[in-house]
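Work through the exercises below with the sequence and the model at hand. Each task is followed by a solution in steps.

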Amino acid sequence: MQECGYNTVCGFAAFEISVQPPKRKESRQAASPNNKRAKVKIETPIKVKEEPFDDEISLKVQTKLKTEFEGMAEKAESYDKPFKSKTESLPRTPRSKIKAEIKSENLDHGTTPLFQQPCDLEGIGALLTNSPVFPGWRGPTVEDCQALHRELVALHGPREQPKAKAKVPVLDSLVGTILSQNTTSKNSTQAFAQLKERFPTWEEVRTAGLEDIEQSIRVAGLSKIRAKRIQDICQMLYEQKGEPTLEHLREASSDEIKDTLTKFPGIGAKTASCVLLFCLQRPDFAVDTHVFRLSKLAGWVPDEKTWKSHNNQVDKRKGTEALAPWPPVTRETTYSHLNAMIPDDLKYALHVLLIAHGRTISPASGPKDPQTCPINARAKALKQLTASPKAKA
C-alpha cells in the first residue's frame with residue numbers, strides 16, 4: 001500500500017510505503033538458567049533497493065508540523081494590531097510537547113522510515129508540476145503565503161500598494177533603481193535629485209561628459225560604474241528609438257518588459273522586477289538581499305543539503321523523466337520560483353513586509369526577539385525536522 005504525504009512548510013512531496021517488519025532470527029546459542037551471560041542476538045535487517053529520494057522526515061512528523069502551522073495561522077487572525085512589546089508573541093504549541101507525542105507513537109515500529117524507502121518514480125512524476133525552477137518543490141503554497149502575510153502584518157502593520165497619482169517616466173524609475181542598489185534610500189534619492197538638477201533631460205545625460213555625471217551621483221557611491229551604465233542605456237535607447245525613453249514599455253507585457261530591461265548593461269532580474277512592481281504597478285515579486293535570506297530561512301526554497309540530495313538522485317537515475325535537476329539556489333532562481341508561486345495579490349505586500357522584517361526584527365545577524373519572529377519559528381521547525389536521527393535523540 002502506498003501513501004503520499006506533503007509538508008506545507010518545507011514544500012516537498014514524500015511517499016511512505018507500509019511494509020511488514022522482518023521476522024526476527026534467534027541465534028543458535030540459547031539462553032539457559034545456568035548461563036546468565038548467554039544472550040539472544042536479534043537481527044532485523046531492512047533491505048532497501050535504492051537510495052532515499054530526498055527528505056529524512058516521516059509522514060506523521062510532516063502532518064504534525066502542518067497541523068501546528070495551520071493553528072498558528074488561525075491564531076494570527078485574532079491580532080488586529082501590531083505587537084505592543086518585543087516579548088509578546090503568537091501562541092503556539094511547545095516543541096517539547098510535539099516531540100514527546102511523536103516519540104510516544106514509535107514511528108519506526110512496523111513502517112520503514114521515509115528516508116529509507118525506495119522512490120516510486122511514476123507517482124513522483126505526477127507531482128513534479130508546481131515550481132518551474134525546482135520541480136517537485138511544492139512550496140510556498142497559497143496557504144503558506146497567506147499565513148506568513150497575516151503574521152507579518154501583526155508585527156509591522158498592513159502594507160497596501162499606493163495608487164499612482166502621476167505617471168513616473170519608466171526611464172526615471174529604472175535610473176532611480178540603479179542608484180538605489182547597495183546604498184541607503186536617503187543617498188539614492190539625493191543622487192537622483194542632483195542628477196536631474198544638473199541634467200533635466202536624458203538627452204543631456206547621453207551627451208554629457210562622464211565625469212560630470214559621476215560627480216552628480218557621487219553621494220550614492222560606485223559613481224563611475226553607475227554613471228557609465230546610465231549613459232550607456234541612454235545611448236542604446238537613442239540608437240533604437242531615436243531618443244532615450246522607455247515609455248513604449250507601458251503597453252508591453254511583463255515578460256517583454258523584463259526581456260527588454262535585462263538586455264541593458266548591469267540590469268538584472270531584481271531591477272527589472274522593481275520597475276514592474278513600483279513604477280508600472282504590475283504584480284511581480286522582487287527578491288532583494290533581505291527577501292532572499294528570509295525565504296531560505298522559511299523553507300520557501302531548497303536548502304543546500306536538500307539541493308545536493310535531489311541532484312544526487314537525478315545523477316543516479318539518468319534516463320528517467322520523473323526527476324529533473326535543480327539549478328543552484330541564487331537570487332535569480334529564487335525570484336523565478338517565488339514569482340510563480342506567490343499569489344499576485346500578495347506580491348507587493350509580502351515584498352515590502354519581508355524587507356521591513358529583515359531590517360528590523362530579523363537582520364542578518366539573527367532575530368532580535370526570536371519569540372516574535374515567524375521566520376525564526378519556521379527555521380527552527382525545519383532544523384528540527386531535517387536533523388539526523390542521532391541529533392534528534
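## Exercise 1: An aromatic cluster

At 0% relative accessibility, Phe134 is buried, a class that means under 20% relative accessible area, with exposed over 50% and partly exposed in between (1.4 Å probe, protein chains only). The model is predicted: local features need pLDDT of at least 70 and side-chain atom pairs pLDDT 80 or more, while totals for chains, interfaces and linings use all residues. Residues are numbered from 1 along each chain as its sequence is written, and side-chain values use heavy atoms, without hydrogens and water.

Task: Classify the ring pairs that Trp326 forms with Phe134 and with Trp137, and place the residues in the chain.

Solution. 

Step 1. Set the rule. A pair of aromatic rings is described by the distance of the centres and the angle of the planes. Rings of Phe, Tyr and Trp (its six-membered ring) pair if their centres lie within 6.5 Å; planes under 30 degrees apart are stacked, over 60 edge-to-face, and the rest tilted.

Step 2. Apply the rule to Phe134 and Trp326. Their ring centres are 6.0 Å apart and their planes stand at 80 degrees, so this pair is edge-to-face.

Step 3. Locate this pair. Phe134 is in the loop between helix H3 (121-125) and helix H4 (142-156), and Trp326 is in the loop between helix H13 (304-316) and helix H14 (331-341), 192 residues apart. Helices here are DSSP runs (H or I, at least four residues), as are strands (E, at least two), numbered from the N terminus.

Step 4. Check the cover of Trp326. Its relative accessibility is 6%, so Trp326 is buried.

Step 5. Turn to Trp137 and Trp326. With centres 6.0 Å apart and planes at 85 degrees, this pair is also edge-to-face. Because Trp137 lies in the loop between H3 and H4 and Trp326 in the loop between H13 and H14, the pair ties together parts 189 residues apart in sequence. Trp137 is buried too, at 4% relative accessibility.

Step 6. Phe134, Trp137 and Trp326 make up one aromatic cluster.

## Exercise 2: The largest pocket

Task: How much space lies in the largest pocket, and which elements give two or more residues to its lining?

Solution. 

Step 1. Define a pocket. On a 1 Å grid over the protein atoms alone, a pocket is an open set of points with protein on both sides within 12 Å along at least five of seven lines, whereas a cavity is a set where a 1.4 Å probe fits but cannot get out; lining residues have an atom within 4 Å of a point. Grid points are joined across faces, edges and corners, and the volume is the space filled by probe spheres set on the points.

Step 2. Read the volume and the lining. The largest pocket holds about 1,100 Å³ of space. Its lining has 35 residues, and Ser180, Gln181, Lys270, Cys274 and Arg359 lie nearest the centre.

Step 3. Assign the elements. Two or more lining residues come from each of H5, helix H6 (185-198), helix H11 (269-279), helix H12 (289-297), H14 and helix H15 (344-359).

## Exercise 3: Positive phi

Task: Where do Leu222 and Gln281 lie?

Solution. 

Step 1. Recall the background. Most residues other than glycine have a negative phi.

Step 2. Take Leu222. Its phi is positive, about 50 degrees, although Leu222 is not a glycine. Leu222 sits in the loop between helix H8 (210-216) and helix H9 (223-241).

Step 3. Take Gln281. This residue, not a glycine either, has a positive phi of about 55 degrees. Gln281 is in the loop between H11 and H12, and is partly exposed with a relative accessible area of 33%.
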